[in-house]
Amino acid sequence: MTAPVLAVDDLATHFFTRAGVAKAVDGVSFAIQRGEVLGLVGESGSGKSVTGFSLLGLIDPPGRIVRGSVKLGGEDMVGLSRERLRALRGKRIAMIFQDPMMTLNPVLSIAQQMTLAVHAHEKVSQAEARERAIRALIRVGIPAAARRIDDYPHQFSGGMRQRVAIAMALLHGPDVIVADEPTTALDVSIQAQILTEMRELARETGAALIWISHDLATVSSLADRIAVMYAGRIVEEGPTARVLRDPRHPYTRGLLGALPSRAVPGQALPQIPGATPSLLRLPPGCPFSPRCPNADDACRTEPPRATEGARAWRCHHPVMERAA
């Protein structure tokens, strides 16, 4: 197997507050190959987005990466200078944010913003930068791109704005793209279109795509592999089809059971009891134990990591029978 384009090892990002230390990311490890799509899923507060921001070094005080490595093509991004990080962001690793209106500047035209992004990393003429921006807009399905590039963000629909944000991420052909729930605010039909296009773009460009989402159904149609997060840790990972068909961790099984598509007519939709724990007051051992139907005294100790081929999970009492 070829070397991964991105290798994350024992990454930990903590927030140092007056109330205590919140371990938002606590020992996350994974690797991703070129052209592969990794789905990072879990409930709100599980650490997905903080993991994504940590990969690009976008953690501000009181947060801090306290240990671990993020190797992009062999170069560890943790501890790099601001200048070196700025040189890598956008060119080698890019991010698509959840709300395009927070990404796009409302007082600059799309042409101005995209050409500025090109010039941030390459010395090319204004005409060449504009032409590259138009090609990127065409690639993500913006109609009449040569004309619309001079429009402003408010002149685009929500779906079109998100396509513009995706186009900006593709400008330099990055090795890795981190997408932080970029279709959450869009209607279902637009979501489906963008998911299909992103999967094709990953295959076409060879970019590795990390898709962060709370929606297992969305990720199932996009990702090659899934990593399920809970309380700052990856509790299960593996090929998408196998994880969805035969989950090992009770949390993964609970997420799947709560999908509306699996509901039985006339029966209440199953729910995971309780709520995600405060990162300031995590229970001892397995953080899922207060909500887990299989929990016992053993779960008050750190759960072991088990593997089965390309799959891995952390649980004292894994689910070994296939989910319905």
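A residue counts as buried when its relative accessible area is under 20%, as exposed when that area is over 50%, and as partly exposed in between (1.4 Å probe, protein chains only). The structure here is a predicted model, in which local features need pLDDT of at least 70, side-chain atom pairs count only at pLDDT 80 or more, and totals for chains, interfaces and linings use all residues. Residues are numbered from 1 along each chain as its sequence is written, and side-chain values use heavy atoms, with hydrogens and water left out.

Start with arginine 233: its relative accessibility is 16%, so it counts as buried. It sits in strand S10, residues 233-239 (strands are DSSP runs of E, at least two residues, and helices runs of H or I, at least four, numbered from the N terminus). Leaving out residues up to four places away in sequence, arginine 233 touches Asp26, Val28, Ser46, Val228, Gly285, Pro287 and Glu302, where contact means heavy atoms within 4.5 Å.

Stepping back, the protein has eleven helices and twelve strands. Buried residues make up 47% of its 324 residues. Among contacts with a separation of 6 or more, 65% join residues 24 or more positions apart.

Now for a pair of helices. The axes of H4 (residues 110-119) and H7 (residues 158-170) come within 10 Å and cross at roughly 20°; axes are lines fitted to C-alpha atoms, for helices over the stretch in contact, and angles run from 0 to 180 degrees between N-to-C directions. H4 and H7 are therefore roughly parallel (under 35 degrees; over 145 is roughly antiparallel, 65 to 115 roughly perpendicular and the rest oblique). Ile110, Gln113, Met114 and Ala117 of H4 meet Val164, Ala167 and Met168 of H7.
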